[in-house]
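Today I am looking up pockets, cavities and salt bridges.

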Amino acid sequence: MPHCLQCINLIMEIVHVYVRRRGDFGRQSHFSDRPAELLVDIGPDPPLADGFIHRDPRDVATQSAQEMSEHQVNTERFESESRGINHVEGGWPKDVNPQEMEQTIRFRKKVEKDENYVTSVLQLGSVMENCIKQNNATDIYQDYSEDEEAADEVQEPPAAKTVNVFRDPNEVKRTVTGLSWHPDGNRKLAGAYSCLEFQKASKDMSFDSYIWDIENPNRPELTLKPVSPLVCLEYNPKDCHTLAGGCYNGQIAFWDTRRGSQPVELSSVEQSHRDPVYKLIWMQSKTGTDAFSASTDGQVLWWDMRRLSEPTERLVLDLSREGSLDAALGASALEFEATMPTKFMVGTEQGLVLSCNRKAKSPAEKIVCTFDGHHGPVYALQRNPFFPKNFLTVGDWTARIWSEDIKESSIMWTRYQTSYLMDACWSPVRPAVFFTVKMDGVLDVWDVLFKQNEPTLSIKVCDEGLYSLRLQESGRLLACGSRLGGASLLELGPSLSTLQRNEKSLVAAMFERETKREKILEARQRELRLKERSRSEQSREDDGAKEADGQEDPEELIARAEADFFSAIDAEIKRRQKEEDKHRVGGEEEEEEEEEERAFQFEKVLKTQQCCCFYFCHFFS
């Protein structure tokens, strides 16, 4: 009996009550009893029965598919705005200046002597102790994959996608002639806007250039207002707040973004370039304010941005070493490698690449050597970041890879493209990859380890021509500027932004092999030229000897001509005498001999007369 009571108690305890609100059941129904009510009564209509036709069988078509409709809706573009807050140290009394160290130390000592200070610290310490122990127990930022070996090969195919487009906000669109990434975090992109076609420049064209936040393409973060349109623009790698740009009128402008849109320093027109400044590069220096620029006026100028009244140094690109601006080559590209502080390279409008040494003893010795390989201006020039002895150039319809050891020809080159190439750059993370942009709006990605005859990836970025190109230091983001003011931001896939296994050694071996091949061909070509030169010199010597042998004394020539002439006359007299004797004596054999003698003497007379005429003319002339 006690066991049964326990079971009943257990059964009674296992009870769950379901509770639901009355509102969840919907509207309450109210029912009532009432008699039936006739609402509508439609009686039979005999005339309608006369027109009834009985159909047997009857076919009816039905469609079992569900009816659907298609609609399109374009949502409004989301506009974001970035705002920031400047945090200032607070919590101090009004009579304490937080910038003065003595006042803050005095106030801290005063607070530490207070009786409530110790109790407050103990109370706060117990609260913070638990959080500190949790942080020590688990590292939420620990990278568990750092010890894993890199994959032998990235399996994903080369890919890139457009993530943003920054458009020129002005009505009159201009070309994006220069791009520069912010050195701290690469979250900003500076663009130089100008119209390089002088005759197509409009009076209403704006001179402004812009700095964009890559997360906000709606409006620029800062507008730069130069005195002339900017052709190139570069961030200072040592100070992320300063920029320098080269103007269309040849001046150099310097900005500090903390001080607004107007330039802080501006070079004078008299001491600046005479043509547009196509390239400006910051140099490694203690002050971090040194840079140099190149222009199509044939000059390379060095500047100190703290004082732009005049350049610190000047170089005229005159191959005759005379320093004449009239004979100087116009510079269209410039290259400087920080690991080689005294060397720099200049690409010219004539298709030459000049290798220069800034620390040469005299200005004539600063131009060390030249590389010739393009049929038009050199628009891009950059050393390989992994192998500085090899550099990339772009001009006409080809891109070429050079070695400093070979002057006569490039070691590798692309085939001639159908559209003009305007800019190129190496990948900062992969030594075998470089990028080119063309006037048909196509971005080409080349991987010389994968294939050399055609690009690994070609992307149609926009319908207008692409003019400029700049890659982020991490190798993930790429910006390219178009002719109508659009700056497209592309994100590269992992296969193009990740260093492959043994890639450095393979590229080094390839460059070395191609350099040796070109050296052999160059030596063979030099040998053939020497043989041809020696052969031509030998033929010249033989001709000179013949001319020397043919030159005789004019008096001797006249005397010889006279002797030949009189001997011919004597021979003719003898012939006539023999002929008279022949008529008297006769004979066939004598007749034949006289005929041969006559022909011989006549030919001799003709030769003598020709010789006399020639030597007389030569003598009197």
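I sorted the lining of the second largest pocket by class and got 12 nonpolar, 5 polar and 6 charged residues. My classes: Ala, Val, Leu, Ile, Met, Phe, Trp, Tyr, Cys and Pro are nonpolar, Asp, Glu, Lys and Arg are charged, and the others, Gly among them, are polar. This is a predicted model, so local features need pLDDT of at least 70 and side-chain atom pairs pLDDT 80 or more, while totals for chains, interfaces and linings use all residues. Numbering runs from 1 along each chain as its sequence is written, and side-chain values use heavy atoms, with hydrogens and water left out.

The pocket rule, for the record: on a 1 Å grid over the protein atoms alone, a pocket is an open set of points with protein on both sides within 12 Å along at least five of seven lines, a cavity is a set where a 1.4 Å probe fits but cannot get out, and lining residues have an atom within 4 Å of a point. Volume is the space filled by probe spheres set on the points, which are joined across faces, edges and corners.

The second largest pocket comes to about 460 Å³. Nearest its centre, out of 23 lining residues, I find Thr175, Leu196, Glu197, Tyr467 and Arg483.

**The largest pocket**

This one has a volume of about 1500 Å³. I noted 48 lining residues, with Glu234, Lys279, Glu335, Gln382 and Arg470 closest to the centre. Strand 6 gives the largest share of that lining, 6 residues (strands are DSSP E runs of at least two residues, helices H or I runs of at least four, numbered from the N terminus). By class, the lining holds 29 nonpolar, 11 polar and 8 charged residues.

**Cavity**

How many cavities of 30 Å³ or more are there? The count is 1. The largest cavity holds about 40 Å³ of space, and its lining includes Trp282, Met283 and Asp290.

**Salt bridges**

I count 28 salt bridges (a side-chain nitrogen of Lys or Arg within 4 Å of a carboxyl oxygen of Asp or Glu) in the structure. Glu522 and Arg526 make one at 3.3 Å, N to O. They sit about one helical turn from each other because they are 4 residues apart in helix 6. Glu522 is buried at 15% relative accessible area, and Arg526 is partly exposed at 40% (buried is under 20%, exposed over 50%, partly exposed in between, with a 1.4 Å probe and protein chains only).
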